[in-house]
Amino acid sequence: MIVAVILLLAAAAAAWCVLRRRKYPLAPGLPPLNLFVVPAALVSAKLVAAGNAALAGAPLPEPPAGVTRRRIEIPGPNAASLPLTLYAPENAAGPLPCLVYLHGGGFCFADAGYIHENVMDYARLAGCRVVFVHYRTSEKAAFPAAFADACAGDRPSWAAPMLAERFDGLPPAYVEVEQFDCLHDEGIAYAAALQAAGVSVLVEDVRGTFHGFDVFRKADLVKKQIEARSRALRTAFEKGA
């Protein structure tokens, strides 16, 4: 009886793997996260707070050769200070273009080390300064506090760009979407709305990927997309010069 149960479970697991891989075929080099499902009940405020506490205690990765880093604080909303991490190519001559970077995490999770590694690559490959904004996360202040931090008292940003009434007059955009991401279709629709309004848009629809795939920085596809993002940045900076 026990052997039969084990064989039945093994067959079920094998069938699950086959079905998931057929439905969500991932790009080579990415781990088989398509085999797993995370119950929504596990994503809670307590989990977010615990995760951010762990991230706060983790040291940031060291900058690679040719990139400098320093931490400053500026006045933020409600007279609070807003921490920023500044990255720049080392020994750069003259003024440089600047990327203001709002990290991922749904305005809930704080910045992880791999995000800083990506940003340092942007600084190095695109030849720009980066202002990394450490906005308040959800366990510290409810939305839209993160946007207030991002704007630092300036005009509010869009929480959902597709809700904007007009798209004309915006600068050229680089829109990257992942195939198996719940935000995929919204990103494609946003790019289409920009194009319809006459805005120049470069769309990268990356096949075989999922939300946050660039955490796996050793994968060839991740390296390729980091380079693509950096090229788009450099092109935009050169056109705006």
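A residue is called buried under 20% relative accessible area, exposed over 50%, and partly exposed in between (1.4 Å probe, protein chains only). The model is predicted: local features need pLDDT of at least 70, side-chain atom pairs count only at pLDDT 80 or more, and totals for chains, interfaces and linings use all residues. Residues are numbered from 1 along each chain as its sequence is written, and side-chain values use heavy atoms, with hydrogens and water left out.

Side chains of opposite charge can pair when their charged atoms come close. With a salt bridge defined as a side-chain nitrogen of Lys or Arg within 4 Å of a carboxyl oxygen of Asp or Glu, the count comes to 8. One of these joins Arg-217 to Asp-121, with the closest N and O atoms 3.1 Å apart. This pair links distant parts of the chain, 96 residues apart: Arg-217 lies in the loop between β6 and α6 (220-240), and Asp-121 in helix α3 (residues 113-126). Helices (H or I, at least four residues) and strands (E, at least two) are DSSP runs, numbered from the N terminus. Arg-217 is partly exposed, at 23% relative accessible area, whereas Asp-121 is buried, at 11%. Both residues belong to a network of salt bridges that also includes Glu-117 and Arg-124.

A salt bridge also forms between Arg-136 and Asp-149 (2.9 Å, N to O). Arg-136 is in the loop between β4 (129-133) and α4 (145-151), while Asp-149 is in helix α4. Arg-136 is partly exposed, with a relative accessible area of 26%; Asp-149 is buried, with 3%.
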